[in-house]
Amino acid sequence: MSEPLAFRLRVLDEVTSTNDEVKRALEAGEPEGLALRARRQTGGYGRQGRAWASPEGGLYLSLLLRPSVDAALLPTLSLVTALAVRRAVAGLLPAEAAESVKVKWPNDLVVPAACRLPDPAFRKLCGISLEAHAGGVCVGIGVNVELPDPADNVAVDGKNVPVYLPELGFEGGIDDVAVAVLHAYAPLYHAWQTKGFAPLAGEYAAHASLTGRSVRMVNLAGEPVAEGTVASVDAFGRLVLRAPDGSCVPVASGEAHLV
């Protein structure tokens with residue numbers, strides 16, 4: 001492909017999930033480039049199907065992609081998506097706050113928690129999910145933009161306390177975040193399709209939250225698969241752990257828990 005993708009943004013008031021809408025569009029044969037945003041979701045979900053509370057005030061955005069790449073490269077699209085959203089968010093924040101936004105492998109955006117908070121050590125700003133479906137890929141992006149109204153009494157599940165963009169100095173609105181994400185995503189997606197993840201690995205490593213931390217990797221069933229100190233993210237998007245015996249163990253999938 002010679003030019004970055006031009007996204008077609010559609011905005012809906014309420015859906016069960018923007019991912020569901022995009023998957024239906026994939027089944028209908030719609031070409032890539034659809035970006036679907038909803039003001040509210042009644043059945044939103046993130047990575048590994050986890051429920052995502054979706055009151056009005058967050059960015060709920062799903063992208064329809066049909067990447068023409070080798071299947072072995074597809075898993076790194078998660079990391080590219082995280083980089084794109086991080087670039088977008090960083091461009092909307094004061095410099096010091098922008099630097100505090102990190103990528104938690106493979107694709108969450110987090111901010112280090114204040115010392116007074118208990119473990120875990122991060123507050124979550126953005127969740128990302130990818131699903132292969134009907135010959136394409138549905139990319140789901142959820143960003144905590146506006147602080148929720150306490151009267152809504154929204155329960156936030158998960159192990160990370162949320163953080164919202166205004167707490168980091170952001171003074172714009174959801175539309176600004178959506179436009180910034182699409183603007184950042186198009187060139188990164190183009191670069192990834194033409195040159196792979198390797199040229200982006202350095203940028204990812206520069207903003208990685210887990211480097212130097214001791215982690216235990218678990219699979220979908222919660223069973224441990226590896227443990228060690230995070231050394232890097234390699235050119236294939238794998239998290240490289242330094243095991244207690246000094247050997248390096250690349251991990252291609254799983255969830256990292258601080259130990």
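The second largest cavity is lined by V103, W105, Y204, A208, S209, L210, T211, V230, V233 and L239. A cavity is a set of points, on a 1 Å grid over the protein atoms alone, where a 1.4 Å probe fits but cannot get out; lining residues have an atom within 4 Å of a point. The model is predicted: local features need pLDDT of at least 70, side-chain atom pairs count only at pLDDT 80 or more, and totals for chains, interfaces and linings use all residues. Residues are numbered from 1 along each chain as its sequence is written, and side-chain values use heavy atoms, without hydrogens and water.

The lining has 8 nonpolar residues, 2 polar ones and no charged ones. Here Ala, Val, Leu, Ile, Met, Phe, Trp, Tyr, Cys and Pro count as nonpolar, Asp, Glu, Lys and Arg as charged, and the others, Gly among them, as polar. The volume of this cavity is about 40 Å³, taken as the space filled by probe spheres set on grid points joined across faces, edges and corners. The whole structure holds 2 cavities of 30 Å³ or more.

Five strands form an open antiparallel sheet in the order β12-β11-β10-β9-β13. Strands are DSSP runs (E, at least two residues), numbered from the N terminus. They pair if DSSP finds at least two bridges between them. β12 (248–251) and β13 (255–258) are the edge strands; each has a single partner, so one side of each lacks a neighbour in the sheet. Within the sheet, β10 (residues 224–233) pairs with β11 (residues 239–242) over 4 bridges, in the antiparallel sense. T229 has R242 in β11 as its bridge partner.

Technical notes. On a 1 Å grid over the protein atoms alone, a cavity is a set of points where a 1.4 Å probe fits but cannot get out, and a pocket is an open set with protein on both sides within 12 Å along at least five of seven lines; lining residues have an atom within 4 Å of a point.
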